[in-house]
Amino acid sequence: MTVTWEELGWERLAAGVGRCRLPGWDCTVGLVVGQGTALLIDAGSSLGEGARLRAQAEAFTGHRVTHLALTHPHFDHVFGAAAFAGAEVFGAVGIDTVFTARHAREGLRADAVRNGLEADSADEAMESLTPPRHHVSGEWTLDLGGGRQVLLANVGPGHTAHDLAVLVPGAPEVVFCGDLVEESGEPQAGPDAVPSHWPAALDRLLDLGGEDALYVPGHGAVVDAAFVRAQRDALATRFGVS
Ligand SMILES: [Zn+2]
């Protein structure tokens, strides 16, 4: 690598695996480096932010971002996606409806503006927003070359109807949880959440990652399995499901 994670304000999690906490909404973006490949996990909250992330990823790896996984269709995670032209884009099956159906698109834009994104940035992102090409139902093993394989897992619904987690084997194992897990505050359950299934989604995350993984929330500090289990139980109580 030509620069270190820390030099660009990223947090190194394992060999070739890091993440950045973005300004504004403290949204996490992950990066997994393969052999001539790079998987970015989520894309930032605007085209401008996406372009900055693209430049940083290229500085780390010396090549372009080849793969992009979107953990769920919320503006702070997907509005930068169009900055990664040519990348293979993955999302949980059904995510395309949020990107294409008029009612859902209007909801996505309104949520962004309500949360403080400038209207111009929201409009620009909406105009260029295109559905992921690859739709993950169940699990999808992605080979990034050089012996690096990651697992994309459709573990939802929960935070939304289209929640995708990314499991990166290694020592330690790293699980990118999207907003199924939040550390910096209560997990946010909006009108598109599926609360009755959320605890089961966290059970699946724990099955995938096990006791020793690093769990990377969509917002906040990296947590362990005990934290995820406690959040699972708190959500079950909050939503009245077992
Ligand atoms: Zn979200």
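**Figure 1. Helix α4 and the lining of the largest pocket.** In this predicted model, α4 contributes five residues to the lining of the largest pocket, which is the largest share of that lining. The pocket itself holds about 580 Å³ of space, and among its 24 lining residues those closest to the centre are His74, Asp111, Gly190, Pro191 and Asp192. Two elements, α2 (75-78) and α4 (102-114), are the ones that each give two or more residues to this lining.

**Figure 2. Residue classes around the largest pocket.** When the lining residues of the largest pocket are sorted by class, nine are nonpolar, nine are polar and six are charged.

**Figure 3. The second largest pocket.** About 160 Å³ of space lies in the second largest pocket, which is lined by 13 residues, with Ala81, Ala87, Val89, Thr130 and Pro131 closest to its centre. The lining of this second pocket comprises nine nonpolar residues, together with two polar and two charged ones.

**Figure 4. The zinc site.** The zinc ion has as its protein donors His72 through NE2, His74 through ND1, His159 through NE2 and Asp179 through OD, which lie 2.2 Å from the ion. Along the sequence, these donor residues follow the spacing H-x1-H-x84-H-x19-D. The angles among the four donor atoms run from 89 to 169°, and the site of the zinc ion is irregular.

Methods: Residues numbered from 1 in each chain as written. Predicted model: local features only at pLDDT ≥ 70, side-chain atom pairs only at ≥ 80, totals over all residues. Heavy atoms only, no water. 1 Å grid on protein atoms, 1.4 Å probe; cavity = no way out; pocket = protein on both sides within 12 Å on 5 of 7 lines; lining within 4 Å. Points joined across faces, edges and corners; volume = space filled by probe spheres on them. Helix = DSSP H or I, 4+ residues; strand = E, 2+ residues; numbered from the N terminus. Nonpolar A, V, L, I, M, F, W, Y, C, P; charged D, E, K, R; others polar. Donors = N, O, S within 2.8 Å, 3.2 Å for Na, K, Ca; no water. Tetrahedral: all angles 85-135°; square planar, octahedral: opposite > 155°, others 65-115°.
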